Amino acid sequence: MSIPIQAIYETTRDKYSLRLLTGPNGPTREFTWVQLCEDIGNASFFRGGELVVTTGLSCSHAGWLREFIDALIQHQTCGLFIFVGKYIKEQDITKEIIAYCSEQHFPLFVLPWNVHLADIMQDYCTRLLHARQEEMELTRLLRSLLAAGLHQEQALQELQALELENMPFFLFIFPLKARIADEQQQSIRLDWKRHLNHLTCHYELFFYKNQLVLLLEHFSMANTDFLRDIEASMPAGIFQGYAGQSAVHDSWQELSSAYEEACTAAAAASCQKKQPCL
């Protein structure tokens with residue numbers, strides 16, 4: 001369950017008078033929850049992936065904001081919203097702080113004091129819960145299609161109801177070394193999505209049969225740097241064996257065939273010792 005920061009920024013920028021102070025790379029991250037935090041000492045409670053909101057209530061000295069941001073980055077939160085006007089003035093957010101956040105790909109936003117904190121927290125959490133429901137349902141349907149069982153036609157109809165149109169796609173599989181916990185699955189998905197969100201194409205990413213499965217809308221494959229970036233982000237000891245890629249397919253009805261092709265390609269790569277998972 002996550003939402004791209006870029007998407008939430010674009011859809012609510014005017015509603016909450018949001019301004020992004022940092023560069024374009026940070027908003028490609030995805031957030032899993034919205035958390036109010038005023039005390040640096042509470043940073044250890046974060047699991048990673050949270051979008052943090054602060055009023056600066058505990059801002060007690062000139063270096064507090066930089067120390068606060070350092071703690072948020074260390075605990076792998078994905079961005080910070082600062083209410084400016086009372087405890088933190090906009091001039092307190094120095095060029096050095098903005099440059100540092102840009103270097104760390106850590107998105108930094110400001111919004112005016114007159115925006116109601118409860119409104120933005122409730123709005124974003126509601127959107128996250130809705131995204132969770134959609135993601136779970138979509139993953140269930142895609143897994144059903146991969147299994148090529150008796151309910152394939154029903155799954156296709158339900159995909160149409162979700163307005164997921166047919167598109168030319170590749171299917172990639174990345175075998176896992178062992179079953180991993182749900183929390184670690186979420187961490188891997190967030191890391192991969194940070195890379196994939198740089199692409200201007202649709203994708204779906206989920207776990208299936210002890211593999212990470214990537215459905216990627218067909219586009220020019222001339223530049224495969226993004227694949228190397230993603231593979232480089234894999235935690236050591238999580239993946240094993242060889243990645244597999246299908247040919248281009250044009251319909252979700254062909255999903256099981258694409259999956260079989262990717263599995264066959266992975267087996268062939270293993271025999272030829274090509275493209276190992278990191």
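Where is L57 found? In this predicted model, L57 lies in the loop between strand 5 (50-54) and helix 2 (64-74), where helices (H or I, at least four residues) and strands (E, at least two) are DSSP runs numbered from the N terminus. Residues are numbered from 1 along each chain as its sequence is written, and because the model is predicted, local features need pLDDT of at least 70 and side-chain atom pairs count only at pLDDT 80 or more, while totals for chains, interfaces and linings use all residues. Side-chain values use heavy atoms, with hydrogens and water left out.

L57 counts as partly exposed, at 48% relative accessibility; buried means under 20% relative accessible area, exposed over 50%, and partly exposed in between, with a 1.4 Å probe and protein chains only. Together with Y87 and W113, L57 forms a nonpolar patch on the surface, and the accessible area of these residues together is about 280 Å². Such patches are made of residues with over 30% relative accessible area and no salt bridge, like charges being joined within 9 Å and nonpolar side chains (Val, Leu, Ile, Met, Phe, Trp, Tyr) within 5 Å. The accessible areas come from the Shrake-Rupley method with a 1.4 Å probe, and for residues only the protein chains shown count as cover.

Rolling a probe the size of a water molecule over the atoms shows where empty space is left. On a 1 Å grid over the protein atoms alone, a pocket is an open set of points where a 1.4 Å probe fits, with protein on both sides within 12 Å along at least five of seven lines, and lining residues have an atom within 4 Å of a point. The largest pocket holds about 1,300 Å³ of space, a volume being the space filled by probe spheres set on the points, which are joined across faces, edges and corners. Its lining comprises 38 residues, of which T32, E183, Q186, S187 and L190 lie nearest the centre of the pocket. Two or more lining residues are given by each of strand 4 (33-36), helix 4 (117-147), helix 6 (182-196) and strand 9 (203-208), and the largest share, ten residues, comes from helix 6. By class, this lining has 14 nonpolar, twelve polar and twelve charged residues, where Ala, Val, Leu, Ile, Met, Phe, Trp, Tyr, Cys and Pro count as nonpolar, Asp, Glu, Lys and Arg as charged, and the others, Gly among them, as polar.

The second largest pocket has a volume of about 840 Å³ and is lined by 29 residues, with P4, K193, H202, Y203 and E204 lying nearest its centre. At least two residues of this lining are supplied by each of strand 1 (3-4), helix 1 (5-16), helix 4, helix 6 and strand 9, while helix 4 provides the largest share, seven residues. The lining of the second largest pocket divides into 15 nonpolar, seven polar and seven charged residues.

A search of the whole structure finds ten salt bridges, each defined as a side-chain nitrogen of Lys or Arg within 4 Å of a carboxyl oxygen of Asp or Glu. One of them joins the side chains of E90 and R19 (2.2 Å, N to O). Because E90 lies in the loop between strand 6 (79-84) and helix 3 (95-103), and R19 in strand 2 (residues 19-20), this pair ties together parts that are 71 residues apart in sequence. Both partners are partly exposed, E90 with a relative accessible area of 34% and R19 at 39% relative accessibility.

Other salt bridges lie within single helices. The side chains of D70 and R66 meet at 3.4 Å, N to O, and these residues both lie in helix 2, four residues apart, about one turn of the helix. D70 is partly exposed, with a relative accessible area of 29%, as is R66 at 34%. In helix 4, the side chains of R140 and E137 meet in a salt bridge at 2.6 Å, N to O, and these residues, being three residues apart, are separated by about one helical turn. R140 counts as partly exposed at 41% relative accessibility, and E137 likewise at 26%.

F109, found in strand 7 (residues 108-112), is buried, with a relative accessible area of 0%, and its C-alpha atom is separated by 5.4 Å from that of R19, 90 residues apart along the chain. A243 lies in the loop between helix 7 (225-232) and strand 11 (244-245) and counts as buried at 10% relative accessibility. The C-alpha atoms of A243 and A147, 96 residues apart along the chain, are separated by 19 Å.
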